[in-house]
Amino acid sequence: MGAPVVLGIESSCDETGVGIVSGGRLLAHAVASSMDEHARFGGVVPEIAARAHLHAFNPVVREALDRAGLRIRDVDAVAVTTGPGLSGALQVGLAGAKTLAYAAGVPLYGVHHLAGHVAADTLEHGPLPDPCTVLIVSGGHTSLLLVRDLVRDPILHLGDTVDDAAGECFDKVARVLGLPYPGGPAIDRAARVGDPCAVAFPRPLTGPRDDPYAFSFSGLKTAAARWAERHRQSGEEIPVADGAASLQEAVADVLTRKALAACRAYEVRTLVVVGGVAANSRVRALAEERCAAAGVELRVPPLTLCTDNGAMIAAVGDLLVRAGARPAQLDLSIDPSAPLDHARLHPSPRPAAEPARRPGVPAGAQ
């Protein structure tokens, strides 16, 4: 008898994603994006996103199943993002997941969206080392984590953003520079012909008295906006390529500097970089350079698995099934602001024979 087949559903923002994973192997995934519908507004409109999920859900499920050569009766479990994310968008995905699980008579698992990003790497590189340092960088989240067993152990936050996330900074500065939405890819494209040393943008929270693992990109966003405004006020054309390259360099510098510092402090030999900003060319290149110099293994998912997708949710579901985790009930609900403490949202109580493991900490930290 083969490994269980898990179908994963992601609908936290503007992508409707469905993925199918079995025994740690990605069988197929499909994504429908409503990004073009949001572009004219300069950001995601929740109501438009929810309606787009309604229209895309069934076609994307069928596409993923067809690519895998499977039917719904071949699925052994369903996993779905239940938070964090846009409330209406999450509701659509959860309603669809409940329908599929009930119709197929299979268990249902609620999954944390960010844990899905972490699990996406396992589909390319295999099981995560225990422990590993994980840097999550996306439009709404920037976090530095210590991860042991992703689905059995609590997730230890080393640091999080105190204001804007890295991707949010890219989006807002791109608008100031007259670049299209989404800002991250637009910044990356413009930066290819720019000078990363042209503008001395600040490196937030990198001083000796700052929190070594916390992030802040609001001040960097403001610095970039003021730089662009000075050019406008003087009647000069904004050197967009240089501004984009310098901004990208500042973000990549801060992210990788703090991530490698955490690896050293916690004596971890593997850094995993995930999330939409992990697709940024300079973030990837600088992470490779600094990890190689420090003797740290770098793991980054392929570009198609960096942005939101159903494969990453199926990957968490697959790990939960193989770990013998208790499935959710059909009264499972969403949590739009769910903290990342565990990969499974609304988990059942642990059996007495399954003690929780305590995350590792560096010497003298407690």
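Ala, Val, Leu, Ile, Met, Phe, Trp, Tyr, Cys and Pro count as nonpolar, Asp, Glu, Lys and Arg as charged, and the others, Gly among them, as polar. Residues are numbered from 1 along each chain as its sequence is written. The model is predicted, and totals for linings use all residues.

**Exercise 1.** What span should helix α9 have, and how far apart are its end C-alpha atoms?

*Solution.* Start with the rule: the expected span of a helix (a DSSP run of H or I, at least four residues) is 1.5 Å times one less than its number of residues. Next, note that α9 covers residues 240-265, which is 26 residues, so it should span 38 Å. Finally, its end C-alpha atoms are 38 Å apart, which agrees.

**Exercise 2.** How many residues of α9 are buried?

*Solution.* Buried means under 20% relative accessible area, with a 1.4 Å probe and protein chains only. By that cut-off, 19 of the 26 residues in α9 are buried, leaving the helix mostly covered.

**Exercise 3.** Which classes of residue line the second largest pocket, and which helix supplies the largest share?

*Solution.* First, the term: on a 1 Å grid over the protein atoms alone, a pocket is an open set of points where a 1.4 Å probe fits, with protein on both sides within 12 Å along at least five of seven lines; lining residues have an atom within 4 Å of a point. Now sort the lining by class: nine nonpolar, four polar and six charged residues. Then look at the helices: α11 (310-322) and α5 (122-125) each supply at least two lining residues, and the largest share, four residues, comes from α11.

Technical notes: Predicted model: local features only at pLDDT ≥ 70, side-chain atom pairs only at ≥ 80, totals over all residues. Heavy atoms only, no water. Buried < 20%, exposed > 50% of the residue type's maximum accessible area, 1.4 Å probe, protein only.
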